[in-house]
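My notebook is open and I want to look through this two-chain model. I'll jot down what I looked up as I go.

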Amino acid sequence: MKEIIFAGFGGQGVLTGGLILAYAASTKGLNAVWLPSYGPTMRGGKANCTVKYGETEEEKVGSPAMEEADILIAMNEPSLDYLEFCRPDCHVFVNANAVSADYSYPPGVTVTRLDVVELADQIHNVKGQNLVMLGAVIKKMGLFDEAYAEQAMCKMFADKGKGSFNEANVLAMRTGFNAV
Amino acid sequence: MAKELLKGNVAVAEAALRGGCDFFAGYPITPSTETLEYLSHRMPELGMETRFVQSENEIAAMNMVMGAASAGARALTASSGPGISLKAEGMSYAAHYAIPYVVLNVQRWGTGLGSLKSGQADYYRDCKGGGHGDYHNVVFAPNSIQEMVDDIYEAWDIAEKYRVGVTIFSEAVLGQMMEGVEMPPFKKREGDLDWGIDGTGSKGMKYPGGDGQEYIDFELSKYERIIPEMQRWEQYRTEDADYVFVAFGLPSRVCVDAVDKLRGSGEKVGLFRPKILWPFPHKGFEELYRMNPHVKGFISVEMNDMGQMVDDVALGAKRAGYCVPTYCYPCGGGVPRVKMVLAKYNEIITGELKEMY
C-alpha cells in the first residue's frame, strides 16, 4: 500500500497533483482512492488530498483517510501539521519557497527541499508548480516510470478537455524529474 | 478492463441512469450536490426520454418524485441529512401509496444543521422509517463506490418488485472521494408494471389505501417478503474471533485494516458488515453463531455521537443465541482512524470501556 498526502493552500494545485497520482495508479490496474480535503478545511483556504493505492492488482484500499502516509508533499508550512498522520520514517517533500529552512522535523523523517516557484518560473509556467513538485516526487520515490507518468497525466487532462496544455505540463513535470 | 476513476456522487448518478432512472428532482445541499449537478447536464444529453428538475425546495422534489413514479417513471431524489428531513412527509405518503422510488442520502454529521463532516447520524431515521407512520425503506449501505454503483443499479428492480422506497445510504466522504469503477450497461425495466397512471384509466394505482384491514394486510405481507429476501451481509475473519466489530459504510473499511493489524499481533478479531441495514441481516448473525458461538463481545463502530446501529447489533446477537456484551465506539464526525479503533479495542479488553448492552 502506498499512502501520499499532497497539501497546500487552495489554488496551488494540490488536488490536481494528487489526482494525477491516483489516475496513474488506476490506469495501471491498481486499486486507487483519492480523497480531497473537504468542507471547512477547504473553505478555510487550506487544501489537501490523500491518495492511497495498492502495490499489486489484488491489494485493496481499506480506510480512505490519512493514517500512516509514506510521503507528505507540503506546498506550504501549515501542511507540515499532517506529519501527525505520517509514518515515523516518511519522506517529506517541501516547497522551499514557502517553508522556512530551519523548520524542525521529527527525527527519522527524510526531507527534500525544492524551490518549485523558482523552478516553475524558469520555464515560464508559474501555474506548473504542482507538476514540478509531482515530477520530483515520482522520480525520487520511484512511484512510476517517468514516460508512463507523463503519458498518464496527458491522458487525464485530455479526458477533461484540457489536452491543449499538455506540452507545458510535460515540461513542468520533466523539470521536476531533473531537479532530483 | 481498466476501471474509470470517478467521484462517488458522480458515479452513483451515472449508475442510476444506467439502472433506468428517467426522472430526477432535487435541491442542492453539500455534500450531495455533485449528483444533481451531474444529472442536470447528463439527463438532457440522454434526450427527451428523461426529465431533470431542480425544484424550489426539498419537499417539492419528493412530491414530484411521487407523481413521476405514479406514472411509471424510475424516479430519484438526492440530498443529505437535513434535506431528507424536509422530504419526510412525502416519503411517508409514498410509503402509504406503495409508490416505488429511490432516495440517495449523502450523510453528514450532526443534529439540526449539523456540520459538513462525514457522518452516519441518520441510521435511526432512515432505517426505522423516517416520516410518520409505520413503514420501512430498504436501506443499502455500500462501503465502496463500486458497491454504491451496483446498489443503485439494482435499486428500482427492488423498489418495483415490492412497491417500496429504496434508500442508498452514502456518506460525505464516500460521495467526495474517487475510486476506480466499472459501469454496468444501460438497462430498462423488464416487462410492464401492472399498475400506474397512464392516461387511459385502465390500470390505476392498485393499492388498497384507506385504514382498513385490507390495507394493513397489504403492507404486512409486503414486509414479510422483504425481510427474509433482502438479508445481505459480509463477514471477515470471524470464524474464530473472540471479538467482532460491526460496521457499515466507510468505518467498515477502517475496521478491515484494524482487524488485520490486531490479527498481526495475535488478537482474534473479525468484522461483520451489514450490506443492507433495513432489513437488518439477522440471518447473518445466525450464520455467525452456527460457525462461531464463542464470540465474547460485539463492537459497533459508527460515525455518530451516541451510537445508533448498536441497538440492532445487540438485538441481532441476542436473537442469534449469544449472551455476550455489545460495546459501541461512536467516533463522531469524520472517518475514524485505524489507530482510534485499536485504542478503543484496547479499552474494551482491559475493561475500561463498559458495554452498552
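Predicted model: local features only at pLDDT ≥ 70, side-chain atom pairs only at ≥ 80, totals over all residues.

I call a residue buried if 20 or more other C-beta atoms lie within 10 Å of its own, exposed if 12 or fewer, and partly exposed in between, with C-beta atoms placed from the backbone. Helices (H or I, at least four residues) and strands (E, at least two) are DSSP runs, numbered from the N terminus.

Residues are numbered from 1 along each chain as its sequence is written, while chains are lettered from A and ligands numbered from 1 in the order in which they are written.

**Entry: a strand in chain B**

I began with strand S13 (residues 297-302) of chain B, where five of the six residues are buried. Who pairs with S13(B)? Strand S10 (residues 243-246) of chain B runs parallel to S13(B), with four bridges joining them. In that pair I found Phe245(B) opposite Ile299(B). S13(B) also runs parallel to strand S14 (residues 326-330) of chain B, this time with five bridges. There, Glu302(B) sits opposite Pro330(B).

**Entry: chain B overall**

I counted out twelve helices and 14 strands for chain B. For size I used the radius of gyration, taken over C-alpha atoms, and the globule rule, 2.2 Å times the number of residues to the power 0.38. Chain B has 21 Å, which agrees with the value near 21 Å that a compact globule of 357 residues would have. The C-alpha trace spans about 70 × 50 × 40 Å along the principal axes of chain B. Of the 357 residues in chain B, 52% count as buried. In chain B, 79% of the contacts with a separation of 6 or more are between residues 24 or more positions apart.

Helix H3 (residues 58-70) of chain B has 13 residues and reaches 19 Å from first C-alpha to last, close to the expected 18 Å. The expected span is 1.5 Å times one less than the number of residues. Buried residues of H3(B) include Ala61(B), Met62(B), Val65(B) and Ala69(B). What covers them? The cover on the buried residues of H3(B) includes strand S4 (75-79), helix H4 (81-96) and strand S5 (101-107) of chain B. After H3(B) comes Gly72(B), with a positive phi near 95 degrees.

Next I looked at helix H6 (residues 145-162) of chain B, which has 18 residues and reaches 25 Å, close to the 26 Å expected. Where does H6(B) bend? I find about 35 degrees at Ala155(B), the bend being the angle between axes fitted to the seven residues ending there and the seven starting there. Ala155(B) is itself buried, as are Trp156(B) and Asp151(B), among others in H6(B). Arg163(B) follows H6(B), and its phi is positive too, near 55 degrees.

**Entry: chain A**

Chain A has six helices and six strands, running β-α-β-α-β-β-β-β-α-α-α-α from the N terminus on. The radius of gyration of chain A is 15 Å, close to the 16 Å the rule gives for 180 residues, so chain A is as compact as a globular protein of that length. Of those 180 residues, 46% count as buried.

I picked Val137(A), in helix H4 (residues 129-141) of chain A. Why does Val137(A) count as buried? Because it has 23 C-beta neighbours inside 10 Å. Beyond its neighbours within four places in sequence, Val137(A) is in contact with Ile71(A), Ile73(A), Phe93(A) and Leu143(A).

**Entry: where the chains meet**

Here 20 residues of chain B are in contact with 19 of chain A. On the side of chain B that touches chain A, helix H7 (172-176), strand S8 (178-181) and helix H9 (250-264) of chain B each give two or more residues. H9(B) gives the largest share, five residues. I also noted that strand S2 (residues 32-36) of chain A pairs antiparallel with S8(B) over two bridges. Val33(A) has Glu179(B) as its bridge partner there.

Technical notes:
Contact = placed C-beta atoms within 7 Å. Pairing = 2+ DSSP bridges.
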